[in-house]
Amino acid sequence: MNVQTSSAASRILASLGIAEVNAGACSGRNGWSAVDPANAFASINPSTEQPIARITPATHQDLKQAVDVASEAFRSWRMVPAPKRGELIGRIGELLAEHKDALGALLSLETGKSLAEGKGEIGEMVDMAKFAVGQSRMLYGFTMQSQRNDHRMYDQWLPLGVVGIITAYNFPAAPWSWNALVAAVCGNTVVWKPSPKVALPAIAIQHLCNQAMNELGYEGIFSLVIPSDEDVSEALVRDRRVQVVSFTGSSRIGRRVSQILAEDLGRRHLLECSGNNGCILDESADLDLSIAAITFGALGTTGQRCTSTRRLIVHKSRTKEVVERLKKAYAKIKMGDPFQPGTLIGPLIDKPAIREFEKAVAEARALGGEVVYGGNVMPGPGYYVEPTIILARNDWPCVQHETFAPILYVIEYETFDEALDLHNGVPQGLASGIQSTDIRHIEAFLSAKGSDCGIAKVNMGTTGADIGAAFGGEKETGGGRASGSESWKSYMRRQSVAINWGEETPWRKLLEA
Ligand code: UN1
């Protein structure tokens with residue numbers, strides 16, 4: 001199927017309820033906001049630079065309405081038994097699975113990621129729905145031992161309220177599900193603000209949520225706002241009725257989100273900001289395994305993942321061999337139309353992303369970096385750049401900073417302690433990896449003096465987190481965790497309960513005296 005042809009693309013859009021001009025907000029039962037073609041902004045296909053569809057931006061009034069609806073819906077949703085809440089999530093999971101091919105194609109069309117990756121992201125949402133359904137029966141609290149006679153103590157977990165979810169263009173669908181589906185089984189209601197660069201998947205997913213809510217007789221559990229200006233987005237963060245803000249994006253904006261929330265005590269944030277992921281490759285690494293892991297880690301999603309491998313910290317005895325083998329692997333990677341089978345690398349998202357790529361390469365060159373592969377912008381149409389490998393030093397500003405592009409910096413080390421220092425010597429702390437068959441190095445990497453990141457991988461790429469684990473990182477990555485493990489606790493409040501079930505109380509004696 002050639003999805004780039006307009007008729008195939010139109011069929012996909014139509015099957016997902018995407019019109020030529022779309023409403024930019026939805027709250028309450030099928031409560032889509034007004035469509036205004038004169039005021040709509042376009043969503044662009046980054047591999048052709050052609051518009052796909054247009055969206056009428058959400059206004060302050062749309063946002064207010066979404067939070068009104070979500071607050072009202074919370075009053076009844078919180079009292080629905082959690083396993084019943086899980087039924088709604090299960091239905092959403094079924095609808096996502098039914099529309100997986102079309103949604104995957106839409107993601108690919110709008111982000112430029114390969115079709116396989118687009119479908120993979122939707123598959124992850126289907127898995128996430130199953131996970132959340134299971135979680136709905138497992139919102140466990142501890143029982144503690146009371147020091148008083150005939151008293152019982154336990155922790156219970158209760159929902160918080162409205163959860164605002166802000167997502168980025170590179171993963172325009174799955175991170176919503178990591179947060180929203182778990183937050184909803186916990187008894188919260190959700191308002192989603194996707195990136196305006198890639199917002200059509202959110203519209204398609206809202207249609208599916210509406211269908212599931214209608215079928216099961218609920219309304220207002222999931223709402224959507226797509227503003228085009230930062231003012232309306234900031235209003236979502238400022239609204240005191242929004243109890244939790246989950247933000248995925250740059251550390252610069254994440255810092256702003258956390259500052260705003262810090263003005264009110266008790267409101268929570270869950271930040272998933274920039275990563276600058278390193279991978280150590282030691283003397284003992286099995287290169288057949290490592291080269292494949294590093295290549296996909298650095299180039300998957302064209303280097304536009306928070307978890308992309310950006311720094312390869314390699315023992316100096318192996319630099320030559322590793323770089324040669326990486327160059328051979330890179331030469332085999334197919335770059336081009338994301339819909340062609342076998343394409344691994346599509347375009348970057350837009351022109352500003354190309355400029356960031358150029359800036360990083362120029363800066364590394366100026367500091368003495370040797371570009372051993374790629375380094376150039378490709379002729380258009382489409383925002384394509386060459387996969388790039390640069391011999392660099394860890395302390396250069398371009399290496400310390402996250403650039404969303406397929407640039408891999410190769411940094412040499414001599415001693416393993418030095419490798420750990422280099423690895424941790426960046427402000428960010430999301431994903432990390434080690435390529436090694438030496439148990440001492442592996443265990444040191446996983447010890448208290450080892451990786452300081454939220455995610456640590458052994459003989460794997462830094463990307464491709466499994467939904468069963470918590471996703472997120474330390475330091476400037478922001479400390480938030482979403483998806484599996486115990487992340488559900490981020491969307492609930494703990495209440496420690498004490499019950500006197502006996503007939504005695506020490507206070508009675510005081511009255512008798
Ligand atoms: C992101 O880039 O924000 O682990 C998310 C991964 C993907 C998610 C990345 N599952 O690489």
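Author: One term before we start: Ala, Val, Leu, Ile, Met, Phe, Trp, Tyr, Cys and Pro count as nonpolar, Asp, Glu, Lys and Arg as charged, and the others, Gly among them, as polar. This is a predicted model, where local features need pLDDT of at least 70, side-chain atom pairs count only at pLDDT 80 or more, and totals for chains, interfaces and linings use all residues. Residues are numbered from 1 along each chain as its sequence is written, and side-chain values use heavy atoms, leaving out hydrogens and water.

Reader: Thanks! So what lines the largest cavity, by class?
Author: Three nonpolar, six polar and one charged residues. Among them are Lys 113, Tyr 169 and Gln 304. A cavity is a set of points, on a 1 Å grid over the protein atoms alone, where a 1.4 Å probe fits but cannot get out; lining residues have an atom within 4 Å of a point.

Reader: And which residues line the second largest cavity?
Author: They include Trp 178, Glu 272 and Phe 471. Helix H6 (174-185) gives the largest share, three residues. Helices (H or I, at least four residues) and strands (E, at least two) are DSSP runs, numbered from the N terminus.

Reader: New topic: how many helices and strands does the protein chain have?
Author: The chain has 16 helices and 23 strands. Its radius of gyration (over C-alpha atoms) is 24 Å, close to the 24 Å that the globule rule (2.2 Å times the number of residues to the power 0.38) gives for 513 residues, so the chain is as compact as a globular protein of that length.

Reader: How much of it is buried?
Author: Of the 513 residues, 57% count as buried, meaning under 20% relative accessible area with a 1.4 Å probe, protein chains only.

Conventions. 1 Å grid on protein atoms, 1.4 Å probe; cavity = no way out; pocket = protein on both sides within 12 Å on 5 of 7 lines; lining within 4 Å. Buried < 20%, exposed > 50% of the residue type's maximum accessible area, 1.4 Å probe, protein only.
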